[in-house]
Amino acid sequence: MNSRIIIVNIIRWVLLLFVQIFLLKNMGFYDLSTPFVYVLFLLLLPFGIPNILLYTLAFATGLTLDAFYDTMGVHATACVVLAFVRISFISISLNRDAIDDPEPSLSYMGFQWFSLYAFLCVLAHHLVLFFLETFRLTEIGYTLMRCGLSCIFTLLIILLVEFIFYKRTSR
Amino acid sequence: MRNLWIFISRYNAFFLFIIFFIIGIYLTVKNNAYQRSVTLNSSNEIVGTAYERLNVFKRYLNLGMVNDSLAAENARLKTHLLNLTTVDTAKDVKVIDTVTNQQYTYLAAKVIKNSITLRNNVMTINKGSLDGIKSGMAVIAPQRGVVGLVRDVSEHLATIQSLLHKDTRISVMLKKNTALGSLVWGDSNFDIKKALIKEVPNHIKMVVGDSVVTSGFGSFPKGILVGRITKPNVPTNDNFLSGELNLFTDFSTLQYVYVIKDKRAEEQKALESLIKPNE
């Protein structure tokens, strides 16, 4: 069971990064809306993962992305922020002891919880990402617009993917 | 110590976040040229602003000293200026014209002495034989109008026989029909704004407002504006008409004049001297 989770996550990591780097990197609407779907990997990591491992994975994933996007540290920082939001949100919204689901996916947690969870994480990630990329506050309106539009795009794709791989579970 | 450790491990998510976040920012700033430049620039800006503020106060303290040095410099410059105004830097205006084989060059000169109240007026300019001025050259006013002819030349100065002189006759013509005449002053009145055009053939009809220009038959190039007819067709006792005209040249305010050098003047004179009178 445990090794299965690891293998599934590794496959997911490879797939999502592959898609992100070779497909979504070239996509975008007028430089305004760019999807960053690879964060789905971080969203779907199992509940029981230790914090330090989560941060390390987030950082490593971000660095891998940075290597391909040629923006050393920007994605890594954004992923670390996402990890922090994820931990905070889970600890606030769920009773830690009562969690019996393996991972925070749409199939286990339901649409309402998952969409809010994904929205908050993606928003935090994108905010940090775009502001680090711009690195100044003078173009704040444009940056916020890019951030919001990209957020919508990413969320759409994430929900789409989740619905495709939706498993009806006995809850 | 134990409590601290418990505290940290309890909120490990936050502390780990801080650590990783700082590493991420550090990497971003260190490895991206743009972000690094922005960071450096803004920190430079802060430091620069602080220095600027400090400088304002420092300047205040030095104000007295600066004032003294400025006053001294002012005095020095004024002395210079006094010397400079007497030096003339205007030189020959030469246009190298290989197409039309330029005949005339202008030389700007300053009027250093002028008279307008006498019967025969003469002025002095600050250019002389060293600048290439020769006797008989034409002199015109800066905007429009004729001034006179060069009379005597020394090394650095020259005298000009002004138009306001009884011996000055300039060959002019009516612009509209090129009827020739000669320009004289002081025949009937001594108004410095007025002159006479004489020896216009009888059949020419002059009208008030006709432009009078130089004919090009003397030292003056053709077509320099002289004045406008105010009183046309004054009959004279000879067979010619004459007319009164308003001069464009204002002799009372003349500061600078142009001396016109004619490159072919000597050639023309030499050629024409071959014709003997009464031949």
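## Where chain A meets chain B

Let's start at the meeting of the two chains: 17 residues of chain A are in contact with 15 residues of chain B, two residues being in contact if their C-beta atoms, placed from the backbone, lie within 7 Å. This is a predicted model, in which local features need pLDDT of at least 70, side-chain atom pairs count only at pLDDT 80 or more, and totals for chains, interfaces and linings use all residues. Residues are numbered from 1 along each chain as its sequence is written, while chains are lettered from A and ligands numbered from 1 in the order in which they are written.

On the side of chain A that touches chain B, α3 (51-69) and α4 each supply at least two residues. Helix α4(A) gives the most, with 7 residues. Helices here are DSSP runs (H or I, at least four residues), as are strands (E, at least two), numbered from the N terminus. By class, this side of chain A divides into 12 nonpolar, 4 polar and 1 charged; Ala, Val, Leu, Ile, Met, Phe, Trp, Tyr, Cys and Pro count as nonpolar, Asp, Glu, Lys and Arg as charged, and the others, Gly among them, as polar.

Now follow α4(A) to its helical partners. With α3(A), it packs at an angle of about 150 degrees, the axes being 7 Å apart. Axes are lines fitted to C-alpha atoms, for helices over the stretch in contact, and angles run from 0 to 180 degrees between N-to-C directions. That makes α3(A) roughly antiparallel to α4(A); angles under 35 degrees count as roughly parallel, over 145 as roughly antiparallel, 65 to 115 as roughly perpendicular and the rest as oblique. The residues making this contact include Tyr55(A), Ala58(A) and Phe59(A) of α3(A) and Val80(A) of α4(A). Its classes come to 15 nonpolar, 5 polar and 1 charged residues.

The other partner is α6(A) (residues 111-134), whose axis comes within 8 Å of that of α4(A) (residues 74-93) and crosses at roughly 150 degrees. These two helices are therefore roughly antiparallel to each other as well. Among the residues that meet here are Leu82(A) and Phe89(A) in α4(A), and Trp113(A) and Leu120(A) in α6(A). This contact has 15 nonpolar, 4 polar and 2 charged residues.

The C-alpha atom of Val80(A) is separated by 8.4 Å from that of Thr56(A), 24 residues apart along the chain.

Finally, turn to chain B, whose secondary structure comes to 4 helices and 13 strands. Of its 279 residues, 26% are buried.

Conventions:
Buried ≥ 20, exposed ≤ 12 C-beta atoms within 10 Å, placed from the backbone.
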